[in-house]
Amino acid sequence: MITVTAMKWAPPFAAGQVRDHRVRWILNEVGWPYEIKLVDAPTMKSSSYSQELQPFGQLPVLEEEGRPPVFESGAIVLDIAMRAGRCIAADGTPERAAALQWVIAGLNSIEPMLFNVAEVEYFMDDEAARNTRRPVVVKLAKERLAMLEQARAGRDWFVGDGFTVADLMLASILKIADRLALLDELPDLAAWQWTILARPAHVRAEQD
Ligand SMILES: N[C@@H](CCC(=O)N[C@@H](CS)C(=O)NCC(=O)O)C(=O)O
């Protein structure tokens, strides 16, 4: 049986956005059953957790009998999709390369820009410093999101003619943008995101 770690408690700004939802989503897409293991902050910060499961004291972690645990939400999503042979196009095809490309683009070129805004909104205590930094990071994030929408070019799917992990990861990452009101001037990208999030597998993952 597959086990996915999830937070016993998340702060309100993170509710529904904790990265285990990506793992639950892909597992629901491919139809693999799983169990949730709730962990609290002291457990995540313990040396046994970082030595055995996640070196940075974070989640999600995928545990499965007979295999070493896997951390990093992107790696877990890709691992599951590849092993299931679903939502990722065939090995060796240009579509497979494009799916990998968009997953990494989401994690590497988009999510960090959103996190810069989240850091200002949720983690900076000094109001003067926050007011100085906010316009800079908001502008950069909005510009990047506009480029993403331009690249999507009105298509329903980022890769080929069906749902892939590219759509899953980008829609998941856009949840952070939506919560930070960074999609207000990009209604088409916001509408695309909601269409993807309406997939039954995502709805089941959220209910779960
Ligand atoms: N790059 C990692 C990031 C993991 C991450 O930041 N997890 C958050 C929850 S969404 C966490 O564990 N936060 C608690 C902490 O960092 O102490 C991934 O995608 O799995």
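Reader: Why is F123 called partly exposed?
Author: F123 has 44% relative accessibility, and the label covers values between buried (under 20% relative accessible area) and exposed (over 50%), taken with a 1.4 Å probe and protein chains only. So F123 counts as partly exposed. Keep in mind that this is a predicted model, where local features need pLDDT of at least 70 and side-chain atom pairs count only at pLDDT 80 or more, while totals for chains, interfaces and linings use all residues. Residues are numbered from 1 along each chain as its sequence is written, and side-chain values use heavy atoms, with hydrogens and water left out.

Reader: And what makes F13 partly exposed?
Author: Its relative accessibility is 27%, so F13 counts as partly exposed.

Reader: Why is the pair of F13 and F123 called edge-to-face?
Author: Rings of Phe, Tyr and Trp (its six-membered ring) pair if their centres lie within 6.5 Å; planes under 30 degrees apart are stacked, over 60 edge-to-face, the rest tilted. For F13 and F123 the centres are 5.6 Å apart and the planes at 85°, so the pair is edge-to-face.

Reader: What does that pair tie together?
Author: F13 is in the loop between β1 and α1 and F123 in helix α5, so parts 110 residues apart in sequence are tied together. Helices (H or I, at least four residues) and strands (E, at least two) are DSSP runs, numbered from the N terminus.

Reader: Which residues form one aromatic cluster?
Author: F13, F115, Y122 and F123.

Reader: How do you know that R199 lies over the face of F163?
Author: R199 is 3.7 Å from the ring centre; the rule asks for NZ of Lys or CZ of Arg within 6 Å of that centre and within 35 degrees of the ring normal.
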